[in-house]
Protein chains: 2
Amino acid sequence: MKTSEKKEKISRKTIQRLTMYLKCLEKFSPDDYISSEEMGVLLGVTAAQIRKDFSSFITNIETCIGIRGKGYNVKCLYEMIENILGINKQNNVIIVGAGKLGNAILLEGDIEKPRFNIVGIFDITKSRIGKEYKGIKISSVSDIPKIASEQRIDMAIITENKSIAQQVTDIVTQSGIKAILNMTSLEIKVPRDVVIEHIDLNRKLQELNYWKEKAE
Amino acid sequence: MKTSEKKEKISRKTIQRLTMYLKCLEKFSPDDYISSEEMGVLLGVTAAQIRKDFSSFITNIETCIGIRGKGYNVKCLYEMIENILGINKQNNVIIVGAGKLGNAILLEGDIEKPRFNIVGIFDITKSRIGKEYKGIKISSVSDIPKIASEQRIDMAIITENKSIAQQVTDIVTQSGIKAILNMTSLEIKVPRDVVIEHIDLNRKLQELNYWKEKAE
DNA sequence: TAGATTGTTAATCGATTAACAATC
DNA sequence: TAGATTGTTAATCGATTAACAATC
């Protein structure tokens, strides 16, 4: 099967679980075999759920998959999920906002290294530009279009101050970058052909509070 | 109706949307009226969805609610949602991990101020203890039990290094703190009576990558 | 072969949407 | 009253689970 063939649609819920399965598999040796039952217990998911999730792409991509009576080979399964998610390659990421948050993500964000490769950090504040962290020099946000034209930038993580987050994101999207991770508390708007995910600390705290009170 | 009466169960999806509605309402004047239609357009949700979400607690809590032909009063609706989420009061939060990430959240995390009140920041590293940020002094993680016994701590945000995240979380939960926001890449385990939410940057990037490739 | 576990189908469950009477 | 929009019911859609034949 050609990779160009359109994939069947996989639900958002399934995609979220795939990233969870991936993380779980990292604890095992590549040669191990793991059953859906075993994995389900570890992750608090039913075995049926797991097999169902896998079945949604078994028919699409010819690849090794579970062996009846034995389970799934860890390495095979891992690579298949990586494949589905499209993370079996190096993705170039930039951080936009070199304040404390951007800096924290760059230096102690535990970003998976060869998979997500941070190739630049940018800021709008003159006084920050030129400083170097971890061998990466802070550049001006106004340089993003130029840099994006020179090398493939797959994603941008927005860590700028809320007040200018929309403004810098506009520069990012105008530079042709198609994926944004928004870490500001502003509800950033992007053109329809750009995908965006939001990490909103306040909303998470609000949710957490509900579950806490409910549990009491 | 007493507040002690057990609430009907509201789905996780609905709770997530409630935090979204709250954020949306903040853009309006308290005296405004907003219709489900109007709000739906702003948020990319159907009007029916919104009314359905609201209806799940209309019958539970006697409060002002929508007016037919007119819509919902912003202030009323806002307060009702705050009430449901249990965030109509001050929640005391501690940050555990005074590295770059903890520091970033404390100083530029845009945490909603009176609602989530950061009352302490802790670290395990001797050299960091005693430093002061924003009027809050970094204390030793070993002081958490004592501090938690002196004042109500509603939540802890874990920003410690991955390698010791489980260890410090154990101290937190043993101190009687019942809600954890895990910002490390470690899958922290907590006792069954503690609620936990995870913010995992790598998993978010993986998801984002899938949607990006799918959109292409 | 016997035991284990897959892949898949059908049944169940839950969440979303459409439609509309109620009513401001 | 006429227009607008709610609150709710019933219909639809999608996701999860149970069950089991297939097969390693």
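Of the atoms of DNA strand D that come within 4 Å of the protein, 63% belong to sugar or phosphate, and the rest belong to bases. This is a predicted model, in which 24 residues surround DNA strand D and 24 residues surround DNA strand C. Chain B superposes on chain A by a rotation of 180° with 0.0 Å of shift along the axis, at an RMSD of 0.0 Å, and the two copies are thus related as by a two-fold rotation axis. The same surface serves both copies, since 100% of the contact residues of chain B recur in chain A.

**Surroundings of DNA strand D**

- The residues closest to DNA strand D are A:Arg68, B:Ser36, B:Arg51, B:Gly69 and B:Tyr72, a list that draws on chain A as well as chain B.
- Two side chains of chain B reach phosphate oxygens of DNA strand D: a polar side-chain atom of B:Ser36 lies 2.7 Å from one phosphate oxygen, and a polar side-chain atom of B:Tyr72 lies 2.8 Å from a phosphate oxygen.
- B:Gly69 takes part through its backbone, with an N or O atom that lies 2.9 Å from a sugar or linking oxygen of DNA strand D.
- At least two residues of the surface near DNA strand D are supplied by each of α1 (12–25) and α3 of chain A and α3 of chain B, and the largest share, four residues, comes from α3(A).
- Divided by class, the surface near DNA strand D holds six nonpolar, nine polar and nine charged residues.

**Surroundings of DNA strand C**

- The side chain of B:Gln49 has an N or O atom 3.1 Å from a sugar or linking oxygen of DNA strand C.
- The elements that give two or more residues to the surface near DNA strand C are α3 (47–58) of chain A together with α1 (12–25) and α3 (47–58) of chain B, and among these α3(B) gives the most, with four residues.
- The surface near DNA strand C is made up, by class, of six nonpolar, nine polar and nine charged residues.

**Packing of α1 and α4 in chain B**

- α1(B), which also contributes to the surface near DNA strand C, packs with helix α4 (residues 74–85) of chain B at an angle of about 145°, with the two axes 10 Å apart, and the crossing of α1(B) and α4(B) is left-handed.
- On the α1(B) side the contact involves B:Ile15, B:Leu18, B:Thr19, B:Tyr21, B:Leu22 and B:Leu25, which meet B:Val74, B:Leu77, B:Tyr78, B:Ile81, B:Glu82, B:Ile84 and B:Leu85 in α4(B).
- By class, the contact of α1(B) with α4(B) has 11 nonpolar residues, one polar residue and one charged residue.

Technical notes. Residues numbered from 1 in each chain as written. Chains lettered and ligands numbered in written order. Predicted model: local features only at pLDDT ≥ 70, side-chain atom pairs only at ≥ 80, totals over all residues. Heavy atoms only, no water. Near = heavy atom within 4 Å. Polar contact = N/O pair within 3.5 Å; in protein donor to acceptor, adjacent residues only side chain to side chain. Nonpolar A, V, L, I, M, F, W, Y, C, P; charged D, E, K, R; others polar. Axes fitted to C-alpha atoms, helices over the stretch in contact; angles between N-to-C directions. Left-handed = near helix turned anticlockwise from the far one by under 90°. Contact = heavy atoms within 4.5 Å. Least-squares fit on C-alpha atoms with pLDDT ≥ 70 in both.
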